Amino acid sequence: HDQLVATVDRVWTLCQRDERHLKGGPDHLLYELTDMLVADYMPVVDEIDEAIDQIEDQVFDRPTPDTLERIFRLNRAVLNLRRIISPQREALNKLARDDYPVIDAQDRVYFRDVYDHLVRLYDINESLRDLVGGALDTYLSVINNRMNEIMRTLTVVTTLFMPISFAAGFFGMNFFQ
């Protein structure tokens, strides 16, 4: 990575403070690293969920083109999170279930725990994706309803002025010259 990863720094600091984390072997260190990485996804998911709630409120109160832009940004964020979580879920499933000489059989339980967290995050992410899709559909429905109201008003105005325009046009002709 070009930038520092806070989770790696936290695990490094944790290992420097307490050497028991290093005595568990590289597989246990990998578990600690993946566990903290997966735990760091939860605040991101909560932030996205809060943003979706705000968007849903805004869609009903006063939808603007900025609202639509925010919906698309949230959709992109949810898709990116899915793109990140999905391969990690598969990799941790392999680490938890398959027999690798590097992974101690007793440590597979830890990797199953991280795998379960990723499965839960994936399910939450799917429901967030549905919520964003619902917010987009609601936005489009609200905008359509407002446009229908405007068209109805314009139709009434046109209907009122049409006889006047017809009369002015008809009697304004120079038929009798």
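**View 1. The buried residues of helix H5.** Thr-67, Ile-71, Leu-74, Val-78, Leu-81, Ile-85, Arg-89, Leu-92, Leu-95 and Ala-96 are the buried residues of H5. The model is a predicted one. Residues three or four places apart on an α-helix point the same way, because a turn takes 3.6 residues. Cover for the buried residues of H5 comes from helices including H3 (26–39), H4 (41–61) and H6. H5 itself takes in residues 65–97. Its 33 residues should span 48 Å at 1.5 Å a residue, and the end C-alpha atoms are 48 Å apart, so expectation and model agree.

**View 2. Helix H3 and its cover.** Six named side chains can be picked out here: Asp-27, His-28, Tyr-31, Glu-32, Thr-34 and Val-38 are buried in H3. The cover over them includes helix H1 (6–17) and helix H2 (20–23). H4, H5 and H6 also belong to that cover. H3 has 14 residues, which should span 20 Å at 1.5 Å a residue. Its end C-alpha atoms lie 20 Å apart, in agreement.

**View 3. Val-132 in helix H6.** Val-132 sits in H6, which runs over residues 108–171. Is this residue buried or exposed? Val-132 has a relative accessible area of 3%, so it counts as buried; the cut-off for buried is under 20%. Which residues does Val-132 touch, beyond its neighbours within four places in sequence? The contacts are Ile-52, Ile-71, Leu-74, Asn-75 and Val-78. Along the chain, Val-132 and Met-173 are 41 residues apart. Their C-alpha atoms are separated by 59 Å.

**View 4. Arg-146 in helix H6.** Arg-146 is another residue of H6. Its relative accessibility is 34%, so Arg-146 counts as partly exposed; that class lies between the 20% and 50% cut-offs. Leaving aside neighbours within four places in sequence, Arg-146 is in contact with Phe-60, Asp-61 and Pro-63. Arg-120 is 26 residues away from Arg-146 along the chain. The separation of the two C-alpha atoms is 39 Å.

**View 5. Ser-141 and Val-59.** Ser-141 also has its place in helix H6. At 41% relative accessibility, Ser-141 counts as partly exposed. How far apart in space are Ser-141 and Val-59? The C-alpha to C-alpha distance is 9.8 Å, across 82 residues of sequence.

**View 6. The whole chain, for context.** The protein has 6 helices and 0 strands. Its element order from the N terminus is α-α-α-α-α-α. The radius of gyration is 30 Å, well over the 16 Å that the globule rule gives for 177 residues, so the protein is more spread out than a compact globule. The C-alpha trace spans about 110 × 30 × 25 Å along its principal axes. Of the 177 residues, 25% count as buried. Among contacts between residues at least 6 apart in sequence, 70% join residues at least 24 apart.

**View 7. Surface and charge.** The accessible surface of the protein is about 12500 Å². Carbon and sulfur atoms hold 58% of that surface. The protein has 19 positive and 30 negative charges.

Key: Residues numbered from 1 in each chain as written. Predicted model: local features only at pLDDT ≥ 70, side-chain atom pairs only at ≥ 80, totals over all residues. Heavy atoms only, no water. Helix = DSSP H or I, 4+ residues; strand = E, 2+ residues; numbered from the N terminus. Rg over C-alpha atoms; globule rule 2.2 N^0.38 Å. Buried < 20%, exposed > 50% of the residue type's maximum accessible area, 1.4 Å probe, protein only. Contact = heavy atoms within 4.5 Å. Areas by Shrake-Rupley, 256 points an atom, 1.4 Å probe, with all protein chains shown as cover. Lys, Arg positive; Asp, Glu negative; His and termini not counted. Charge placed at Lys NZ, Arg CZ, Asp CG, Glu CD. Expected span 1.5 Å × (residues − 1).
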